[in-house]
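Work through the following exercises with the sequence and the model open side by side. Try each task before reading its solution.

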Amino acid sequence: MSEITVFTARKIVTMNAPMPEATAVAVRDGRIVEVGSLETLKPWLDGHPHRIDRQFENHVLMPGFIDPHLHPTLGAVLLPCHFITAMEWKLPDRICAPVTTHAAYLARLAEIVAGEGAAEEIVVTWGFHRIWHGNVDRTALNAVSGDKPIFVWQRSFHEIIANDAAIEWMGVARADLERHPQIDLETGRFFETGLAVAAQAMNRVLLSPERYGRGLELVKQTVHLGGHTTIGELAYPLMNDAMEWRVLSHTLDREDTPFRTKMVPRGVQRGDFTGTPEDDLKSIEAYAERNTDRLFFGRNVKLFTDGGFFAELMQMREPGFIDGHHGEWLMAPEAFETYARALWLAGKQIHVHCTGDMGLELALDVLQRLQDEKPRFNHRFTIEHFGVSNPEQVRRISDLGAIVSANVYYVHELGEAYWKESIGYERASQMARLGALERAGIPFALHSDFTMAPAMPLNSAWVAVNRIAESGAVMCPQERVSVEAAMRAITIDAAYILGMEDEVGSIRSGKKADF
């Protein structure tokens, strides 16, 4: 039998209610034997070979942080891109200064095209948002370069803007592009399912083994720096199953990877509704054959309702958006219900991307019908993102037994911007209304949806507790949460969202020793 290692600390915050604090934890073969003090652990130490490790003696030890919605494959695609964003980004290999005006955006883009991007086959940037950067469309990109293919990825992952050279480079028949309902060639916009058309062409560059592998190494460093020991990949595959799995396995399924990744497959492939739910279920079930200790699938599956929050493509109930534009569906409501029913009957835990209050309403209406048809307990139907909602919907979430994984960073970066430019103060200030969830006793987690937010769980907890916008203003203090709830949301409650609460998320006897 292996030797026991006892880690001592100034304080161990266990996130385990019966014993919230301790000063020593005994570990054997990667599992916790017992938590307490050197005195209470004495029977174990008297009976087994052991050593005392005092490296954390002056520190506070916590369970490893958990991000239940972080996309390593998305990060691997975007981190090698050129970042031009309204907020400063601190990345493992560089710091990206904020760019906050139209003129500054185009100047920085021109600098990239003429400089570090000159030798690249295509120039791909990420971080554009119209509220800060104005109207950057096909014409504006053509003015930057008429011959270098330029793809501008919007701050979300839901929209790309291309210049003429990029559209030509894609090699897709113009007639096919003109027929697509979510492609606007006049402005060069490829959004939602139209994005899949652009990405299909871009993949030969974005998913090249060298580039993608380099991006995944940067993701690996980012996840570790955030203090994560478990993450959830919430929508696998991003674009290409065979290639992504090969590189994920090579980079993340290794002894030197200090975190585990739970893989949550898409219920339907991006932009592909040609199959049937039964066909997709067979593919989903087959993923389990790949499971290892660091990369594994479970019963979780991802579906989508409305469009991206940063892209302002969420589906909003009346009065909608200030400028009168409308959001988009990622899945037609009828298709969403068909797939949700098949997954529900198969006993899956369904995670639903919902960003606007109309997208949330669709998810809750379908959940109500599924419960009426075949009631389930502990189904953990999970609302992902939880951008705009209303108090009555929180009550429905509670009544229907759903749970929430929220991106509270929206409040910090978008709260004031959406107040003044998008949906008005009342709804913008109340986005990610977590205080209502805590008062209703609804389990919730905090996630980054990286790169939609920095992969910094303590930063997410800080936003949830304080609701401080980028300027320093407080957005709807009534929706703040307690420190205890925020810390649970990045540890034990995040584990609950992934169905892993018996393995990780707190420091107690029998769990994995993830600190």
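**Exercise 1.** Determine in which hand α12 passes α13, and describe the contact of these two helices.

*Solution.* Begin with the hand: α12 crosses α13 in the right-handed sense, where a crossing is right-handed if the near helix is turned clockwise from the far one by less than a right angle, and left-handed if anticlockwise. Helices (H or I, at least four residues) and strands (E, at least two) are DSSP runs numbered from the N terminus. The model is predicted, so local features need pLDDT of at least 70 and side-chain atom pairs count only at pLDDT 80 or more, while totals for chains, interfaces and linings use all residues. Residues are numbered from 1 along each chain as its sequence is written, and side-chain values use heavy atoms, with hydrogens and water left out.

Next, take the geometry: helix α12 (residues 333-345) and helix α13 (residues 357-373) pack at an angle of about 40 degrees, and their axes are 10 Å apart. Axes are lines fitted to C-alpha atoms, for helices over the stretch in contact, and angles run from 0 to 180 degrees between N-to-C directions. That angle makes α12 oblique to α13, since angles under 35 degrees count as roughly parallel, over 145 as roughly antiparallel, 65 to 115 as roughly perpendicular and the rest as oblique.

Finally, list the contact (heavy atoms within 4.5 Å). From α12 come Pro-333, Phe-336, Glu-337, Ala-340, Arg-341 and Trp-344, and α13 contributes Leu-362, Ala-363, Val-366, Leu-367, Arg-369, Leu-370, Gln-371 and Glu-373. Sorted by class, the contact of α12 with α13 has 9 nonpolar, 1 polar and 4 charged residues, where Ala, Val, Leu, Ile, Met, Phe, Trp, Tyr, Cys and Pro count as nonpolar, Asp, Glu, Lys and Arg as charged, and the others, Gly among them, as polar.

**Exercise 2.** Carry out the analysis for α9 and α10.

*Solution.* The axes of helix α9 (residues 209-225) and helix α10 (residues 241-252) come within 10 Å and cross at roughly 45 degrees, which makes α9 oblique to α10. The crossing of α9 and α10 is right-handed. On the α9 side the contact includes Tyr-212, Leu-216 and Lys-220, and on the α10 side it includes Met-243, Val-247 and Leu-252. By class, the contact of α9 with α10 has 6 nonpolar, 2 polar and 3 charged residues.

**Exercise 3.** Describe the open sheet of 5 strands.

*Solution.* Its order is β18-β19-β20-β21-β22, and the pairing is parallel. Strands β18 and β22 (444-446) stand at the edges with a single partner strand each, so one side of each is left without a neighbour in the sheet. From one strand to the next, the twist averages 20 degrees. Within the sheet, 4 bridges join strand β19 (residues 349-354) to β20, the two running parallel, and Val-352 stands opposite Ile-383 in β20.

For the connections, look at the loop between α13 and β20 (382-385), where Asn-378 is found: this residue has a positive phi of about 55 degrees although it is not a glycine. The loop between β18 (300-304) and α12 holds Pro-319, and the peptide bond from Glu-318 to Pro-319 is cis, with omega near 10 degrees.

Note on methods: Pairing = 2+ DSSP bridges.
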